[in-house]
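Subject: Handover of a structure, with notes

Dear colleague,

I am passing on the structure below, and I would be grateful if you could read these notes beside it.

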Amino acid sequence: MTTETKGTQQVQQASPEAELHLHQRGHIIQQPGTIRNLPIALDSAARLANSKSLNLLLADTIQLYHMYKKHHWQVAGHTFYQLHLLFDKHAEEQEALIDLIAERVQQLGDIALGMPSDVVKNTRVENPPQGAEEVPVMVDRLLEAHEIIIKAARELANQAEENGDYRTNDMMASEVLRANEMQVWFVGEHVVATPAVEAHNPNS
Ligand SMILES: [Fe+2]
């Protein structure tokens with residue numbers, strides 16, 4: 001144990017085995033798109049095909065999550081309060097899906113890609129502008145993103161059923177499609193032009 005004198009104070013250094021090993025870098029132990037041998041009785045070609053699709057779906061879902069947060073913050077107008085709350089609820093539900101999808105990639109033996117730079121590269125959802133848009137445009141962008149995700153989830157459900165990955169198939173149907181279709185309903189109802197006060201009377 002060493003003792004340093006700093007001014008009038010004596011500072012005792014901890015023993016070397018108690019010290020943190022800082023400033024470490026090393027080689028990559030697994031690259032994305034390579035498959036580990038996992039004992040889950042599913043061939044590596046099926047696992048790779050599904051993990052690649054899942055990584056694209058992951059990028060789209062992270063993009064949608066951020067669009068919900070953006071719109072949660074930037075929404076304005078007479079529907080502010082309900083949409084502010086609804087957008088945040090949907091963001092939380094998308095965040096849960098992000099974790100499920102990413103962990104499924106790992107369970108298949110691949111590497112989950114979820115850094116912002118991965119999302120920019122992989123997402124199929126159009127990036128919104130930085131500035132605030134009108135509510136119908138916000139809603140429209142969300143609906144378009146949902147449909148891209150829903151279409152990809154249906155395709156992956158079929159692919160996973162055909163290659164015997166029933167867990168991924170189940171996740172698409174019971175988690176991804178269920179949540180996204182429910183959110184489409186709740187968001188979509190905000191761009192239906194029903195009168196707020198006076199009914200349309202075709203006879204008047
Ligand atoms: Fe908030």
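**Helix H4 and its surroundings**

The buried residues of H4 pack against helix H1 (44-74) and H5. Please keep in mind that this is a predicted model, in which local features need pLDDT of at least 70 and side-chain atom pairs count only at pLDDT 80 or more, while totals for chains, interfaces and linings use all residues. Residues are numbered from 1 along each chain as its sequence is written. Helices (H or I, at least four residues) and strands (E, at least two) are DSSP runs, numbered from the N terminus.

Helix H4 covers residues 135-162, which is 28 residues, and from its first C-alpha to its last it reaches 41 Å, close to the 40 Å expected at 1.5 Å a residue (the expected span is 1.5 Å times one less than the number of residues). The buried positions in H4 are Met138, Val139, Arg141, Leu142, Ala145, His146, Ile148, Ile149, Ala153, Leu156 and Ala160. Here a residue is buried if 20 or more other C-beta atoms lie within 10 Å of its own, exposed if 12 or fewer, and partly exposed in between, with C-beta atoms placed from the backbone. Just after H4, glycine 164 has a positive phi of about 85 degrees.

Isoleucine 148, in helix H4, is buried because 20 other C-beta atoms lie within 10 Å. Not counting residues up to four places away in sequence, isoleucine 148 touches Asp60, Arg124 and Val125, where contact means that the C-beta atoms of two residues, placed from the backbone, lie within 7 Å. The C-alpha atoms of isoleucine 148 and arginine 124 are separated by 7.4 Å, although the two residues are 24 residues apart along the chain.

**How the helices pack**

Two packed helices are described by the angle between their axes and the distance between the axes. In what follows, axes are lines fitted to C-alpha atoms, for helices over the stretch in contact, and angles run from 0 to 180 degrees between N-to-C directions.

H1 and H4 pack at an angle of about 160 degrees, with their axes 10 Å apart, and H1 and H4 are therefore roughly antiparallel to each other. Angles under 35 degrees count as roughly parallel, over 145 as roughly antiparallel, 65 to 115 as roughly perpendicular and the rest as oblique. The crossing of H1 and H4 is left-handed, a word used if the near helix is turned anticlockwise from the far one by less than a right angle, with right-handed used if clockwise. By class, the contact of H1 with H4 has 14 nonpolar, six polar and two charged residues; Ala, Val, Leu, Ile, Met, Phe, Trp, Tyr, Cys and Pro count as nonpolar, Asp, Glu, Lys and Arg as charged, and the others, Gly among them, as polar.

The axes of H1 and H2 come within 8 Å and cross at roughly 160 degrees, so H1 and H2 are roughly antiparallel to each other. The crossing of H1 and H2 is left-handed, and the residues of their contact divide into 14 nonpolar, eight polar and four charged.

Helix H2 (residues 80-107) also packs with helix H5 (residues 166-188), at an angle of about 165 degrees and with the axes 11 Å apart, which makes H2 roughly antiparallel to H5. H2 passes H5 in a left-handed crossing. In this contact, Leu86, His90, Glu93, Leu97, Leu100 and Arg104 of H2 meet Thr168, Met171, Glu175, Val176, Ala179, Gln183 and Phe186 of H5, and these residues divide into seven nonpolar, three polar and three charged.

**Some single residues**

Asparagine 55 is in helix H1 and counts as buried, with 21 C-beta neighbours inside 10 Å. Leaving aside neighbours within four places in sequence, asparagine 55 is in contact with Val105, Ala112, Leu113 and Asn122. Leucine 85, which lies in helix H2, counts as exposed, with 11 C-beta neighbours inside 10 Å.

Most residues other than glycine have a negative phi, and most peptide bonds are trans. Histidine 23, found in the loop between strand S2 (9-12) and H1, has a positive phi near 60 degrees and is exposed, with 5 other C-beta atoms within 10 Å. Alanine 41, in the loop between S2 and H1, has a positive phi near 50 degrees and counts as exposed, with 6 C-beta neighbours inside 10 Å.

With kind regards
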